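Please look at the sequence and the 3D structure below, and keep both in view while reading the report that follows.

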Amino acid sequence: MNSKNIFLASLVALFAFFLLVYGETGFNLDLNLIWELRLPKVAVCVFAGGMLALAGLLMQIFFQNPLAGPDILGVSSGSSLFVAFWMMASVGFSQSIMDWGMSIMSFLGAMSVFFILVFLVNKNMSRVSLIITGLLISSFASSGISILVSMSQALQLKNYLMWSMGSFRNVTTPELPRFLFLSLISTLPILFFIKSLNQFLLSENYAKSMGVNVKRMRLVFVSVAALQISVVTLFCGPIGFIGIISAHLARQFLKRSQLSVLLPAVFFIGVILAFIAETIIVLTPTWSISVNAILGLIGAPVIILYLYRQRGWSL
Amino acid sequence: MKTNILEIENLTIGFKQAIFEKISAEVYAGTITALMGVNGAGKSCLLKTIANLIPALEGLIRLHGKDHRTYSSIDFAKVVSIVLTEKLQVDFLRVDELIYLGRSPYTNWMGEIEDTDREVVNRVMDQIGLCELASSFFSELSDGQKQKVLIARALAQKPKLLILDEPTTYLDIPSKIELIKLLKKISTENKVAILMSTHDLELIESNVDQIWLMGKDGSFNEGSPAHFRSTGLFEKHFYSGLS
């Protein structure tokens, strides 16, 4: 394994260890506290951060667009809209129907945005227009959400608002197996497609000329990314920026693009970003900052810096 | 003896609507064919149709005497490879990594590189003179070097037919000459048939074996450069506005 990847992995381990032994109450090793609160939180950071980062990378390669990401192209918002709809509509169902219904709705939401995007790309929409379309899809979704919110009752409203803030702490220990199961089935397929991802690095036409079944791969990429984004959105609410910046940071750090080397780094950097946000929250317990606020403070400057360095290149 | 690699019969090309109709021609191993015609004549479209990137609207394309639709996409990639005009934006991809991509039709599902792949890539890099650039980043090369790397990637596919879409367009004159000499060398040493579109008439005239010309009037002409000179086809299609 690449030495820089080993460095990133150790950083992940270090953060994980810190967040297991240190919480809002300071340094303490109460096993109950670790088992009930900190372990789920750390596990969620690992998979949510990692999956968002991988989904962002998949989208950037697939759309040949360095600014593609779950939040910017409106996929997270699509997922949120469907989840919000289900939260408001599923009153009176049993808990398990509500839960699984929400998983499915979250996936359908992400998938329907992807279908719109793929349709537009197939019609030769430019990269800039695609980004703007993504932002418009987001604002469409938030309009829909605010109408749903205005029609809902107090309890659902409270549930929804809590969820929509975005947090790595929503998963309880009993829910953890379901989260881990969904995370693994949406992450592991990527390992089978490293070769095709590499072939897509140049362009779709080159991939095709090397024997890649482009139509099938397109479906695979989109489904895997939609699965990952929907699992994260479902359990953590909409989380911004990790998806779009992790791949850039990983490339800058490794100075490699080859997917077998880049993929682990992208995953680790996604995890580290989630850990950084969570660490800041733990160290400033009285401020109750949201994850998204911290990620925005890190993410926006990184993207601006990236755009600055790429000036002269047409997007 | 001439070995027939590519055979086109009554081909109609286009994106849904026909751009050019009734093309019939052949390409032989170890020769260079230059595809000429004014901008918008459909050169790029023809090359992409032959490379199976866009479907033919009508007619037949045969590779080694076999209908190209009967090839699986992997087997097709082992016979035909292409260098496209699209500008590539890839950060931090090394030259050797890019060339190894050309081996992907031959590698297993993980893309594992084996000794034969290494041998092929080393030979190609040696032939094209890229050994010193092996660990440079593709994005930092000059246009001429980039073009060579893309040719090397295409050759790593071990094609029988190498298609190049306007390989000389972005190059300065010395690089153009170097490139055409390189292609000449490749066609004779590797026994590859080369089919390239170009506007550089003076440059290719003494270096290619065959010219295909897609005329403005919808006529498709093929023949040797000498044939084109003697019959006045060049004058008719390229210089008609001058005198």
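In chain B, B:Arg118 and B:Asp115 are joined by a salt bridge, with their closest N and O atoms 3.0 Å apart; the term salt bridge stands for a side-chain nitrogen of Lys or Arg within 4 Å of a carboxyl oxygen of Asp or Glu. This is a predicted model, in which local features need pLDDT of at least 70 and side-chain atom pairs count only at pLDDT 80 or more, while totals for chains, interfaces and linings use all residues. Residues are numbered from 1 along each chain as its sequence is written, chains are lettered from A and ligands numbered from 1 in the order in which they are written, and side-chain values use heavy atoms, with hydrogens and water left out.

Both B:Arg118 and B:Asp115 belong to helix H4 (residues 115-128) of chain B, where they are 3 residues apart, about one turn of the helix. Helices (H or I, at least four residues) and strands (E, at least two) are DSSP runs, numbered from the N terminus. B:Arg118 counts as partly exposed because its relative accessibility is 36%, and B:Asp115 is exposed because its relative accessible area is 58%. Here buried means under 20% relative accessible area, exposed means over 50%, and partly exposed lies in between (1.4 Å probe, protein chains only).

Side chains of opposite charge can pair when their charged atoms come close.

| Salt bridge | N to O distance |
|---|---|
| B:Arg118 and B:Asp115 | 3.0 Å |
| A:Arg256 and B:Glu97 | 2.6 Å |
| B:Lys148 and B:Glu178 | 2.6 Å |

The salt bridge of A:Arg256 and B:Glu97 crosses between chains, from the loop between helix H11 (242-254) and helix H12 (259-283) of chain A, which holds A:Arg256, to helix H3 (residues 95-101) of chain B, which holds B:Glu97. Both A:Arg256 and B:Glu97 are buried.

The salt bridge of B:Lys148 and B:Glu178 links distant parts of the chain, since B:Lys148 is in helix H5 (residues 143-156) of chain B and B:Glu178 is in helix H6 (residues 173-189) of chain B, 30 residues apart. At 17% relative accessibility B:Lys148 counts as buried, whereas B:Glu178, with a relative accessible area of 41%, is partly exposed.

Aromatic rings form another set of contacts. A pair of aromatic rings is described by the distance of the centres and the angle of the planes. Rings of Phe, Tyr and Trp (its six-membered ring) pair if their centres lie within 6.5 Å, and planes under 30 degrees apart count as stacked, over 60 as edge-to-face and the rest as tilted. A search of the whole structure finds 17 aromatic pairs over all chains. In one of them, A:Phe62 and A:Phe221 have ring centres 6.0 Å apart and planes at 80°, so the pair is edge-to-face. This pair links distant parts of the chain, with A:Phe62 in helix H2 (residues 31-62) of chain A and A:Phe221 in helix H10 (residues 214-236) of chain A, 159 residues apart. A:Phe62 is buried, with a relative accessible area of 9%, and A:Phe221 counts as buried at 4% relative accessibility. Ring pairs also link A:Phe62, A:Phe63, A:Phe114, A:Phe200 and A:Phe221 into a cluster.

A charge can also be placed over a ring, which requires NZ of Lys or CZ of Arg to be within 6 Å of the ring centre and within 35 degrees of the ring normal. The charged end of A:Lys4 sits over the ring of A:Phe253, 5.6 Å from its centre, and A:Arg178 lies over the face of A:Trp100, at 4.9 Å from the ring centre.

In a regular strand the side chains alternate between the two faces of the sheet. From strand S6 (residues 80-83) of chain B, B:Val80 and B:Ile82 point one way and B:Ser81 and B:Val83 the other way, and all are buried. Strand S6 of chain B runs parallel to strand S7 (residues 161-165) of chain B, and 4 bridges join them; two strands pair if DSSP finds at least two bridges between them. The bridge partner of B:Ile82 in S7(B) is B:Ile163.
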